Amino acid sequence: MAKVPMKSILFVCLGNICRSPIAEGIARDLIEQSGHTISVDSAGTGSSHIGEPPCKHSVTVARNHNIDISQFRARQVKKSDFKAFDLIVALDQNNYCDLKALGCQNLVKLGDYGYNGVDVPDPYFFDGFEGFEHVYTMIESCVKELLKR
Ligand code: 4NP
């Protein structure tokens, strides 16, 4: 059977200030380079950071890879997203379970794309910049694989 073309993807973490903005930025960049028309957004399961820009280390690590995420603003996921987006991508297992509990069905975990389903660790609680490059590499690899599929 022919693959149904994917038209929209929503990346979801907890705060929407560290991991999912990086995933959104990478996906936007790859999609733009490929000439495809897939819309991408990101959101958080939590409400603590609504309206905030991505954390400074996420902005820096993305900028180091020539991707500008500084204008993104955090928002909380809403149930209507589950219909509005073809695919919802959770960054870790807690996000996955929270989304499932909200009734999300079209749901996958980013780590399933080349990392044996492991969680993308939350760098918010890391000490300093260390770890953000690792998280970036992991997200980039998984997003590439996701878009390929
Ligand atoms: P994110 O990181 O889920 O990757 O955006 C977090 C940012 C903030 C908090 C948790 C996770 N927080 O609890 O404030």
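This is a predicted model: local features need pLDDT of at least 70, side-chain atom pairs count only at pLDDT 80 or more; totals for chains, interfaces and linings use all residues.

**Entry 1: an arginine in a loop**

Which side chain does a polar contact of 3.0 Å join to that of Arg 75? I looked it up, and the partner is Asp 81. I also found a polar contact of 3.2 Å between the side chains of Arg 75 and Asp 41. For a polar contact I took a pair of N or O atoms within 3.5 Å; within protein, one must be able to donate a hydrogen and the other to accept it, and residues adjacent in sequence count only if both atoms are side-chain atoms. Arg 75 itself sits in the loop between helix H2 (56–64) and helix H3 (81–84).

Residues are numbered from 1 along each chain as its sequence is written, and side-chain values use heavy atoms, with hydrogens and water left out.

**Entry 2: the overall layout**

I listed 5 helices and 4 strands in the protein. Helices (H or I, at least four residues) and strands (E, at least two) are DSSP runs, numbered from the N terminus. Read from that end, the order is β-α-β-α-α-β-α-β-α. The radius of gyration is 14 Å, close to the 15 Å that the globule rule gives for 149 residues, so the protein is as compact as a globular protein of that length. That radius is taken over C-alpha atoms, and the rule is 2.2 Å times the number of residues to the power 0.38. Along the principal axes, the C-alpha atoms fill a box of roughly 45 × 35 × 30 Å.

I then checked burial: 47% of the 149 residues are buried. Buried means under 20% relative accessible area, exposed over 50%, and partly exposed in between (1.4 Å probe, protein chains only).

**Entry 3: around the ligand**

Which residues are around the ligand? I noted Cys 13, Leu 14, Gly 15, Asn 16, Ile 17, Cys 18, Arg 19, His 49, Asp 122, Tyr 124 and Phe 125.

Next I looked at the ligand's oxygen atoms. One is 2.7 Å from a side-chain N or O atom of Arg 19. On the backbone side, I found a ligand oxygen 2.9 Å from a polar atom of Leu 14, and a ligand oxygen 3.2 Å from a polar atom of Asn 16. The protein covers 88% of the 360 Å² of accessible area that the ligand has on its own; such areas come from the Shrake-Rupley method with a 1.4 Å probe.

Is Asn 16 buried or exposed? At 3% relative accessibility, Asn 16 counts as buried.

I placed Asn 116 in the loop between strand S4 (107–109) and helix H5 (132–148). At 80% relative accessibility, Asn 116 counts as exposed.

**Entry 4: aromatic pairs**

How many aromatic pairs are there? I get 2. Tyr 124 and Phe 125 are edge-to-face, at 5.1 Å centre to centre and 90° between the planes. Rings of Phe, Tyr and Trp (its six-membered ring) pair if their centres lie within 6.5 Å; planes under 30 degrees apart count as stacked, over 60 as edge-to-face and the rest as tilted. Tyr 124 is partly exposed at 42%, and Phe 125 is exposed at 65%. Why is the pair of Phe 129 and Phe 132 stacked? Their centres are 6.2 Å apart and their planes are at 10°, so the pair counts as stacked. Phe 132 is buried at 1%, whereas Phe 129 is partly exposed at 30%.

**Entry 5: helix H4**

Last, I looked at both ends of helix H4 (residues 93–101). Asp 92 caps the N-terminal end, with a side-chain oxygen 3.0 Å from the backbone nitrogen of Asn 94. Just after H4, Gly 103 takes a positive phi of about 100°.

Notes. A residue is near a molecule or strand if one of its heavy atoms lies within 4 Å of it.
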